[in-house]
Amino acid sequence: MFTIENAHLRVVAGSRGAELHSIFNKKAGLEYLWNGDPAFWAKQSPVLFPVIGALKNDGYFFNGQKYQLGRHGFARESEFSVSAHNGDALVFTLESSPATLAKYPFVFKFDIGYSLTETSLQVNYQISNTGGTPLYFSVGGHPAFRIPLVAGRSYSDYYLEFNHPEHAGRWPISKDGLIETVPVVLFNGTSRLPLTKELFQQDALVFKGLASNSVELKSDQDAHGLSFDFTGFPYLGIWAAKNADFVCIEPWCGIADSVDSDRQLVNKEGIHVLQAAKTFERTWSVTLF
């Protein structure tokens, strides 16, 4: 495990999957990240690359070749190297290998940077095309935050407050983890989403094209919460395992296959195309209060 900290925060991450394991508010004495209880969900903050969500029939076609690739890709189970580590910053790196090329025929370098600024944690994804042909990929985060944050509160005391009124519907997920073709009305011009455990009984809430670029997790019963900035991420997932005491706020550059996908990687919704010797970069951040 590797630790970074400043006067306000202490953050711990591991090299397997470059996954966060703790986001601790030192001044408040509060842990904000889910504990990874395997009775509900053993992950805490997996990184999603080179796909997000499920592929139709767990695979895709590229240049006439069929490839198998599991949900959310392979980065979350891969061993990253540590390429930089100082007091308040940490960078993990994953590069293509014979093992990745067997299921994903692209040459890449993927850097994940964690850095602290006062009460904020910045998470930076930098993907470099180190090969000679275009690179097709998606990337995103899946951090899980504890609810309730403080003793004596309940899950339903909390809500999500978006920074703009929203009209976007949620996109239902099929039993195979694919995105349905018709959204379901959810917001109706509101910015607040009350949290209940029943909200996730039919899997994640998936949004496309939200007006907002940030959302707050908070409670009217307590002063502690967080602000989550997802500027530059066109899709957002909100999810919790059934009856678990957390909520995931998931910034995505990409999305699961639709139920009517033709399984061709070049046609996949949300796929990014990065030319040789070019770099793609996105950053999300969470500020604790």
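**Cysteines and overall fold**

Cys248 is buried, with a relative accessible area of 0%; buried means under 20% relative accessible area, exposed over 50%, and partly exposed in between, with a 1.4 Å probe and protein chains only. The model is predicted: local features need pLDDT of at least 70, side-chain atom pairs count only at pLDDT 80 or more, and totals for chains, interfaces and linings use all residues. Residues are numbered from 1 along each chain as its sequence is written, and side-chain values use heavy atoms, without hydrogens and water.

Cys253 is buried too, its relative accessible area being 0%. The structure holds zero disulfides (pairs of cysteine sulfur atoms within 2.5 Å). The closest cysteine sulfur to that of Cys248 is in Cys253, 17 Å away, which is too far for a bond.

The chain has one helix and 23 strands (DSSP runs: H or I of at least four residues for helices, E of at least two for strands). Its radius of gyration is 19 Å, close to the 19 Å of the globule rule for 289 residues, so the chain is as compact as a globular protein of that length. The radius is taken over C-alpha atoms; the rule is 2.2 Å times the number of residues to the power 0.38. Along the principal axes, the C-alpha atoms fill a box of roughly 55 × 45 × 35 Å.

Of the 289 residues, 54% count as buried. Among contacts (heavy atoms within 4.5 Å) with a separation of 6 or more, 65% join residues 24 or more positions apart. The accessible surface is about 11,900 Å², and carbon and sulfur atoms account for 49% of that area (Shrake-Rupley method, 1.4 Å probe).
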